[in-house]
Amino acid sequence: MDQREPVVEMTGITIEFPGVKALDGVDFRLYPGEVHALMGENGAGKSTLIKALTGVYAINGGRIVVDGVERSFNNTSEAQEAGISTVYQEVNLVGNLSVAENVMLGHEPRVGPFINWRAMRAKAREYLDRLHVDVHPGTELSSLSVAVQQLCAIARATVVDAKVLILDEPTSSLQKNEVDELFAVVRELKERGVAILFVSHFLDQVYEISDRMTVLRNGKLVGEYMTAELPRLELVSKMIGRAEDELGSIEERAHRVAAATHDTAPRVQALGLGKEGRIEPFDLSIYPGQIVGLVGLLGSGRTEAARLLYGADRPDHGELRLDGETVRLHTPNAALRHDVAFSSEDRKREGIIGDLTVRENIALAVQTVRGVWRRVPKKEVDEIVERYMKALNIYPNNPNMLMKNLSGGNQQKVLLARWLATAPEVLILDEPTRGIDVGAKAEVQRLVIELADRGMSVLFISSEFEEVLRVSERVRIVRDHVMGDELINGPEVTPEVLIERIARTPADGEGEAA
Amino acid sequence: MSTTTPSPAVDIARRVTQHKLFWPVVALLVLLVAAGVRSPGFLSVTVQDGHLFGQVIDIMRGAATPLLLALGMALVIATGGIDLSVGAVMAISLAVSLEYLDASSSAGEPATAVVAVALGVAVALVLGLFNGFMVTVLGIQPFIATMILMVAGRGIAMLITKGQITTVTAPPFKHIGSGFFLGLPMPVIIAAVAFVVVVLVVRRTALGMLLESIGINREASRLAGVQARNVTWFAYAVSGLLAGLAGLVYGAPTMAADANNIGLMKEMDAIMCVVLGGTSLAGGKFYMGGTVVGALILTTIERVVIIFHIPSQLTPLFKAVVIIAVCIAQSPVLLQKINMSRLRRASRRQAEIANQEVPA
């Protein structure tokens, strides 16, 4: 493979942001016909390196050679013209346009100055078919699930005859079978000689698809390795820069044993709580110090259930009791005042305030509990911010940075800090570890267990069943808007058991939608 | 791979030129200096009977009305909204005050003037609350919701004055428009007090941060416990109240409630002041100091046009040119382009240095 000329060669790339060196002398090579995984923790510089290559950021030092020619792209469309196509982490499409318009955007077949709509739909169909996406090209994009939207984004990237295809976390919102389909396409593209740069937090996927990997840590190059020659544990320790045995102990953390009895009243008790079209009425109890896991497919109603507990949506059935007393949580503000906190799964839309600083983002919920007129004193905010930035290892350690300039995983940590700062008694976490790296994931899990040990009640929602089983004492399964069976966690409860339960067809239903 | 660290002087210069207020202040200074060169007496201030006089003082007086409107407008814009009704609210509050004075048998008494002012401002506050109700409770888009009052408001003012231009004589009331206090014109004092009060309320409480938070991401703010409805409603109420005050200050010198012309197009002036001050119409971060500079620029332009004998029909064009210039200078796209090309030049220079070193 090394005899061939690399299609992309980046040498000594340095990028500085105010106060941080995001990349420091990083080398990176990408050969035609390979899948190259870019690995590293959140904030290691993966996204920054991609943005340097695609012309989003200007580089402060180093050179970029594409196809033997030194290039410096001013924007993504220049990079695209040079054959570099990108599919981003967050779906970057136009929701209110049709699928065909999105796929063909910028490459519409024309008759004179006019768009040939019929040809455009046919073309789009062709590209979608290659990805085995069965969706009518005339459908409005926003009416589709996130997973299908992501596949449309990939279809769009294949429209340009790309020499280099960058996939930045393309699978984080996909189900297993969709990932398989995507990988089939990736292999096909690879056969055709396309160089594929792949970023993912799922180690399984990285090992399944990649030929070679480059590892970054804190903006510096750790090394380039053949995937087959680098064992998993070694990779992880290179990513987080810690010894292997230390890591093992995190992974080995045993199932949390069910507490024998609860002599107190449940901290949270939902009685027939429900909302038409969202989640059927359900009962749920969480005791002090208990972690209850909620599992189910995307769109099963697990998030909807959580939102009712937090007052983000108003229930039209049932009642909610906190410490035995019936309460009506009309707004999130009321919930926070009752010491209930909720971390949403949709970080970008329902979590971060991008143009405020990290400091303000952390202090926001504490402030709203206190009310508009009683400003939290500066000293108190300083203490909170310092404490949580340290406890959660938020990087870069600069509270005055704008939230939008942080990496996804660090944004997630800031949001956790926001909720923890309110000292909640009930903490609802919806996908708290989505898109964050192994090290941080283990940290979050450990933190949740610690908090529960100190008496906090936690509702833990996640698509990763291993993680749910690692932290929860009980697991509830949500399926087709119905909250079902409660499982007491134990050694016999495995991810396979959960999958089997979720996939079990309800007697009168028509089965699971794919 | 070391990058050259800029010297402290360069660093300070960059910090100054990249400050939000840099270009607005430059524009203001350029206008003032140009006028000063053209008409040497322009910048001089004289004292008569303990009162300050001069073109600069006149500019400050003229800036008071747009500033009062713009202070409220900035809060509304921060939430991602807009208040188009402020001009009409000016007309209504003035009509209410003057009608009250007209009907009163003791229009010359200071106490009557106080009641008249309170009435006008109270009505304006109610109108602001009405705007806020439509935007926050009914969920009507701010542009449409406030346009209702913008259109209907002049009709309401007309009803209050019964289709007449109500004129009254009431020296104490007139004082708020043309009087002096501590040597400065009353409108300047009123605007300054309003500015200080608004800044204190916004920055000493959490209101400012919450307004920005709502403007940046409303749903995330709501989930973080921000009472978005109440906070947004408050912003519209303040905008209405200040518009009422502006109407009184603006109309007091002439004491004529002309429902058709008081505050005409003033909403646009207010929006311009806010935007010139560096606040984005998309909502989020807002700048009160910048808004003051914006109001001063706007008023200075109007004066400069006279000094340069530009035909008055061309005033709007001249205004537009200055505003375009400031907005372009503040444009984030332009700033980014400049930054990028600076970086590229720097990296090229480094590459050259490296190339020279290698052969040796």
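Which domains does the domain assignment of chain A give? The assignment gives domain 1 (8-251) and domain 2 (253-339 + 424-514), with bounds that come from an automatic or database domain assignment. This is a predicted model, in which local features need pLDDT of at least 70 and side-chain atom pairs count only at pLDDT 80 or more, while totals for chains, interfaces and linings use all residues. Residues are numbered from 1 along each chain as its sequence is written, and chains are lettered from A and ligands numbered from 1 in the order in which they are written.

**Domains of chain A**

- The C-alpha centres of domain 1 of chain A and domain 2 of chain A are 33 Å apart.

**Six-stranded sheet of chain A**

- An open sheet of 6 strands in chain A has the order β6-β9-β10-β3-β11-β12, with mixed pairing; strands (E, at least two residues) and helices (H or I, at least four residues) are DSSP runs, numbered from the N terminus.
- The edges are β6 (84-87) and β12 (220-226) of chain A, each with a single partner strand, so one side of each lacks a neighbour in the sheet.
- Direction ignored, neighbouring strands of this sheet are turned by 20° against each other on average.
- Strands β9 (residues 164-168) and β10 (residues 195-199) of chain A pair in the parallel sense over 5 bridges, where pairing requires that DSSP finds at least two bridges between two strands.
- Leu167(A) is placed opposite Phe198(A) in β10(A).
- Helix α1 (residues 46-53) of chain A lies across β3 (35-39), β6, β9, β10 and β11 (212-217) of chain A, and runs at about 150° to β9(A); axes are lines fitted to C-alpha atoms, for helices over the stretch in contact, and angles run from 0 to 180 degrees between N-to-C directions.
- Helix α8 (residues 232-240) of chain A packs on the sheet and touches β3, β11 and β12 of chain A, its direction making about 30° with that of β11(A).

**Four-stranded sheet of chain A**

- A further open sheet of chain A comprises 4 strands in the order β14-β13-β16-β17, and its pairing is antiparallel.
- β14 (279-286) and β17 (325-327) of chain A form the edges; each has a single partner strand, so one side of each has no neighbour in the sheet.
- From one strand to the next, the twist averages 25°.
- Strands β13 (residues 268-275) and β16 (residues 317-322) of chain A pair in the antiparallel sense over 5 bridges, and Gly274(A) stands opposite His317(A) in β16(A).
- Helix α10 (residues 302-310) of chain A packs on this sheet, touching β13, β14 and β16 of chain A, and its direction makes about 115° with that of β13(A).

**Interface of chains A and B**

- In chain A, 34 residues are in contact with 30 residues of chain B; contact means that C-beta atoms, placed from the backbone, lie within 7 Å.
- On the side of chain A that touches chain B, β1 (8-17), α11 (332-337), α12 (347-350) and α13 (358-370) of chain A are the elements giving two or more residues.
- α13(A) gives the most to this side, with 6 residues.

**Helix packing in chain B**

- Helix α3 (residues 55-78) and helix α12 (residues 266-276) of chain B pack at an angle of about 65°, their axes 8 Å apart.
- α3(B) and α12(B) are therefore roughly perpendicular to each other, the class for angles of 65 to 115 degrees.
- Residues making the contact include Leu67(B) and Met73(B) of α3(B), and Ile271(B) and Val274(B) of α12(B).

How values were computed: Angles under 35 degrees count as roughly parallel, over 145 as roughly antiparallel, 65 to 115 as roughly perpendicular and the rest as oblique. Two residues are in contact if their C-beta atoms, placed from the backbone, lie within 7 Å.
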